[in-house]
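Please read the following points alongside the model.

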Amino acid sequence: MNSSPSMQKKAAVLAIAVGLSGFGLMGFLGQTDGYTDALFEPDYTILQAPDDGPLAEAGFQPGDSVVTVEGIPVVDLGMYSRWPRSLARAPGESLTMTVEREGELVSGEVVFGEQPSSVRKMQFGFLVVLLCFLWAGVWAFLAIPSVHSARLLAIGLAAGFSIPGPSLGAWDGIADHINVGAEVLWLLLLLRFFLFFPKPKKIAQAHLSTLVIYAPWVAYLGCLVVELIYHPRFYHSFGGFLGLVMLFYMISAI
């Protein structure tokens with residue numbers, strides 16, 4: 001068993017946990033953005049526009065290629081999600097969007113609606129799960145000093161850095177990438193924990209297993225770096241790979 005962590009380490013861990021928790025709660029409670037229920041391809045082509053949704057009501061349809069938003073060319077938009085948060089609108093407010101459809105330009109006013117309660121509940125549930133992992137790791141680190149508790153702390157901190165926070169302006173794209181990278185790391189470390197708890201499995205002692213476990217995450221980090229450098233051409237282009245990596249970690253952990 002490891003010796004008890006020093007007071008400095010305990011204070012640092014508590015400070016980080018409190019900071020991450022507060023950052024996440026600020027992001028959740030301070031969210032006032034409206035909702036459009038639309039999905040876009042990495043090249044800003046409309047993938048989904050429900051018939052009763054704001055985009056369809058504005059005259060847009062799947063297959064339209066977005067050219068400008070509020071007069072800003074899509075190539076100049078920021079990196080957060082499909083749109084920068086500076087272009088987010090409160091329920092009832094609108095923005096002008098221009099798309100290209102069969103060689104012609106079509107413009108319309110997209111009026112944002114209220115977020116469905118189901119979306120809000122899902123966001124709250126995700127926040128609670130991540131906070132539970134964070135503080136369970138902190139508790140284990142402080143109360144039961146051991147190799148396993150250190151691994152639980154690492155899992156908790158990865159979960160904490162996965163929590164979305166409030167808008168950071170020009171830094172939103174980087175914050176979003178940190179959230180996603182930490183979320184994948186959270187699942188990786190969870191898998192790693194099960195390989196060593198309550199005692200190491202044979203596969204955990206093989207060097208090849210370490211390579212197999214960490215290689216997908218390292219590869220995805222490379223994808224995130226490429227997205228940051230070459231936005232908007234590649235932004236969100238690696239979503240399919242992300243889904244496969246997370247599925248691999250979840251199935252392996254189970």
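1. Helices (H or I, at least four residues) and strands (E, at least two) are taken as DSSP runs and numbered from the N terminus. The expected span of a helix is 1.5 Å times one less than its number of residues. Helix 1, residues 7–29, has 23 residues and reaches 32 Å from its first C-alpha to its last, close to the 33 Å expected.

2. On sources: this is a predicted model, in which local features need pLDDT of at least 70 and side-chain atom pairs count only at pLDDT 80 or more, while totals for chains, interfaces and linings use all residues. Residues are numbered from 1 along each chain as its sequence is written, and side-chain values use heavy atoms, with hydrogens and water left out.

3. The protein has seven helices and six strands, in the order α-β-β-α-β-β-β-β-α-α-α-α-α from the N terminus. Its C-alpha atoms fill a box of roughly 70 × 40 × 30 Å along the principal axes. Of the 254 residues, 38% are buried, where buried means under 20% relative accessible area, exposed over 50%, and partly exposed in between (1.4 Å probe, protein chains only). Taking contact as heavy atoms within 4.5 Å, 63% of the contacts between residues at least 6 apart in sequence join residues at least 24 apart.

4. Which residues of helix 1 are buried? They are Val-13, Ala-17, Leu-20, Ser-21, Gly-24, Gly-27 and Phe-28. These residues pack against helix 3 (117–143) and helix 4 (147–160). In an α-helix with 3.6 residues a turn, residues three or four places apart point the same way.

5. Helix 4 has 14 residues and reaches 20 Å between its first and last C-alpha, close to the 20 Å expected. Its buried residues are Ser-149, Leu-153, Ile-155, Gly-156, Ala-158, Ala-159 and Gly-160. Their cover includes helix 1, helix 3 and helix 5.

6. A nonpolar surface patch is formed by Ile-16, Phe-161, Leu-168, Trp-171, Ile-174, Ile-178, Val-225, Leu-228, Ile-229 and Tyr-230, with about 940 Å² of accessible area together. Helix 5 (172–196) and helix 6 (207–230) are the elements that give two or more residues to the patch, and helix 6 gives the most, with four. Areas come from the Shrake-Rupley method with a 1.4 Å probe, and for residues only the protein chains shown count as cover. Ile-229, in helix 6, is exposed at 56% relative accessible area.

7. Six aromatic pairs are found in the whole structure. Tyr-220 and Phe-241 form a tilted pair, 6.1 Å centre to centre with 55 degrees between the planes. This pair links Tyr-220 in helix 6 to Phe-241 in helix 7 (residues 239–253), 21 residues apart. Tyr-220 is buried at 4%, whereas Phe-241 is partly exposed at 33%. Rings of Phe, Tyr and Trp (its six-membered ring) pair if their centres lie within 6.5 Å; planes under 30 degrees apart count as stacked, over 60 as edge-to-face and the rest as tilted.

8. Cys-132 lies in helix 3 and is partly exposed, at 47% relative accessibility. Its C-alpha is separated by 16 Å from that of Ala-15, 117 residues apart along the chain.

Terms used:
Patches are made of residues with over 30% relative accessible area and no salt bridge: like charges are joined within 9 Å, nonpolar side chains (Val, Leu, Ile, Met, Phe, Trp, Tyr) within 5 Å. A salt bridge is a side-chain nitrogen of Lys or Arg within 4 Å of a carboxyl oxygen of Asp or Glu.
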